[in-house]
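Please look at the sequence and the 3D structure that follow, and keep both in view while reading the explanation below.

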Amino acid sequence: MAKKRSGGGLTATQQAAKFLGVSVLSGAVLAGIALPGFGALGLAAKGTVEGFDTIPANLKTPPLSQRTTILDSEGGKIAVVYSRDRTVVPLKDISPYMQKAIVAIEDARFYEHGAIDLKGVLRALNKNAQSGGVSEGASTLTQQYVKNVFVEEAGDDPDKVAQAIQQTLGRKIRELKYAIQVEEELGKKKILENYLNITFFGQQAYGIEAASQRYFSKHAKDLKLGEAALLAGVVQSPSRFDPVNDSEEATKRRNIVLQRMADVGDISRGEAEEAKAAPIELKVSKPKNGCITAVDGAGFFCDYVRQVFLTDPVFGKTRKDRLKVWNQGGLTIRTTLKPQAQKAAQQSIKNHVYQTDKVATAVTLVEPGTGKIVAMGQSKPYGFGKNETQINYSVNKAMGGSNYGFPVGSTFKPFLASAALEQGKPPTQVYASPFKMPYPQSIPTCNGKPWVNTDGAVLENENESEVGPYPLRKAMELSVNTYFVEMIGEIGMCPISEMATKLGVVQGDGSKLPELPSALTLGSTGISPLTMANAYATFANRGNYCTPTAIESITTADGKSLKVPQTQCSQAMSQQTADTINTLLRGVVDSGTGRQAGLQSRDNAGKTGTTDFRKNAWFVGYTPNMSGAVWVGSADQQVEMENITIGGQYHPKVFGGGVPGPIWKDAMAGALEGQPAPQFDVVHIPDPQKEKDKEKDKDKGKPGDDKPGDEDPWPGISIPPDLIGGGNNRGQGNGGGDGGNWP
């Protein structure tokens, strides 16, 4: 074992012996001589070095970690993300000044020697022996490249990085052997190209292209003499010679590089002196890494894309495998985000809810029939500061969202109505719908064990004036709570639970909805805006549900296409049922609680929702070619939205139609401007009371009642006998058929 001074360092003689060992080893390698034990130099010491012949002959060069670019559906840049800010460029796209500068300062004899520069080793040996320390290294550019490969392979693991750069004879020997292989396989120009692409230049810039952009906001091919010399000088110690933080040290180092270039004949003395006299002129571009830099408020969508990549098995068997690919980068990801829709959503958010408000809003827009997410934004921006957040209010917890989602209130009622229609209930179904009533005593569930109202739970409507009887259409328009509780009492909870599953509706934590009447009637459980927008898109798509998708295509750095997740579609309900829901929900925006949200220029439908104590307000609506969900509330569910100012406007009470509705309206109007305006396939839903009045008038023989088409009194309609007075036998109507009209 080498003796040390009391201070812990090797003596000058020992340093000389160490370098002599390397030089002797180098000569032996170059001569192709088989190496003996080298025990005297410590080469055989346990844990110090492997035998030269046992070192693997092939250096496994990992692909360089590069930046990934996330694009919108039209090819516009959303954001750039990376673990290493690097863009690999060929040697032809690197300034000749840069090529000469790095060779001159790091390895002036690069084109004259092989993997090891014996003259350099002996020169370093002499200088280090004289100084009593290590004042000069002897690594060639090729050896430095090999060391950088080890560092790159270590990634962000601090222990592996430490091993890759440790100053041991064992690492030197491995470095030497691999350097020989690299010289034989790549050649000088390719080694120089690889070196300039792998090397760290400080300020989070890896490789010469990123460094050129960071310090001078230009491409590497456009670097001038002084700029190239500055960057070449940084490599030795990126922190010490950082021109951003210490221009004086950086200038000294630049001038050393310029002088060295003149000494080796790369430039003239006059050119060197002129460049030395010029001040450093930086044009720094700040690092723009990650979703926090996304344009048009698309930071949360950007993060959602990342979450999709890390969770979908199509990108790798395990999360670790997928994370490795993501961190490797070099990907171009084209997404489903439509810039027009995103800008419209974000502008509407900005106009209606301020970043500093006590409450927030989240908006998600989805394309029916494809599941494509075309917009996603919220009023609390993506970030780490005050009134910023990294929680994506639009998605489930597993994808970066809130823990449980947000209670959706009456926007759940269309799911219940869909299940009832599928079970055979007619759209003319009438219930007594009193202002206030207890929940049914017992409601069947999927597991055969009924839910029992042991606590005598009671519910009421929003307004005391809301007293039935009501048919389904009017109950949906006015969002009559007691009507839908009577409905669930008749059909049971299992059909609703099954319908929710078909529509992809789960709680914000990813779990199935609980079989409770409050959850499956009045939306008391937490659900994400993306889930709601996508479920409503099923109505627009005539009952065909498609899973949401965010990625159109992915191309690797070498131009290969990666497989991406595809939307999966299935028929969740009959077209007749979906068309009926569309007809019902058109009434909500025409004359019901959603009037403030209604679009004037195209067919649209939707539903409002408000939860207990006004902690959440919703509007979920759609046209035949776009669906959107808007939530307003506080993420911590602590703000009751009464006597509150939102977006500069005072509200005594917040309703789903009053705040979320206009947000939805403006976002949808902007997103659909200039787009086709298709119409729904609506159905005719008779008004049971009007039909009953007609029958009475006919019986009395009133003239003028017999109009063309009125001869058939819709015999399929069944009006409960105790409809007006209220009673026990409510709502025993017959189901509808397959045509465009309900009988």
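How accessible is Glu-552: buried, partly exposed or exposed? Glu-552 counts as partly exposed, at 31% relative accessibility, where buried means under 20% relative accessible area, exposed means over 50% and partly exposed lies in between, calculated with a 1.4 Å probe on protein chains only. This is a predicted model, in which local features need pLDDT of at least 70 and side-chain atom pairs count only at pLDDT 80 or more, while totals for chains, interfaces and linings use all residues. Residues are numbered from 1 along each chain as its sequence is written, and side-chain values use heavy atoms, with hydrogens and water left out.

Side chains of opposite charge can pair when their charged atoms come close. A salt bridge is counted where a side-chain nitrogen of Lys or Arg lies within 4 Å of a carboxyl oxygen of Asp or Glu, and a search of the whole structure finds 23 of them.

One of these joins Glu-552 to Lys-372, with the closest N and O atoms 3.2 Å apart. This pair links distant parts of the chain, 180 residues apart, since Lys-372 sits in the loop between strand S4 (360-366) and strand S5 (373-378), and Glu-552 in strand S15 (residues 551-555); strands (E, at least two residues) are DSSP runs, as are helices (H or I, at least four), numbered from the N terminus. Lys-372 is partly exposed, at 24% relative accessibility.

Another salt bridge brings together the side chains of Arg-586 and Asp-603, at 3.3 Å from N to O. Here Arg-586 is partly exposed, with a relative accessible area of 25%, whereas Asp-603 counts as buried at 15%.
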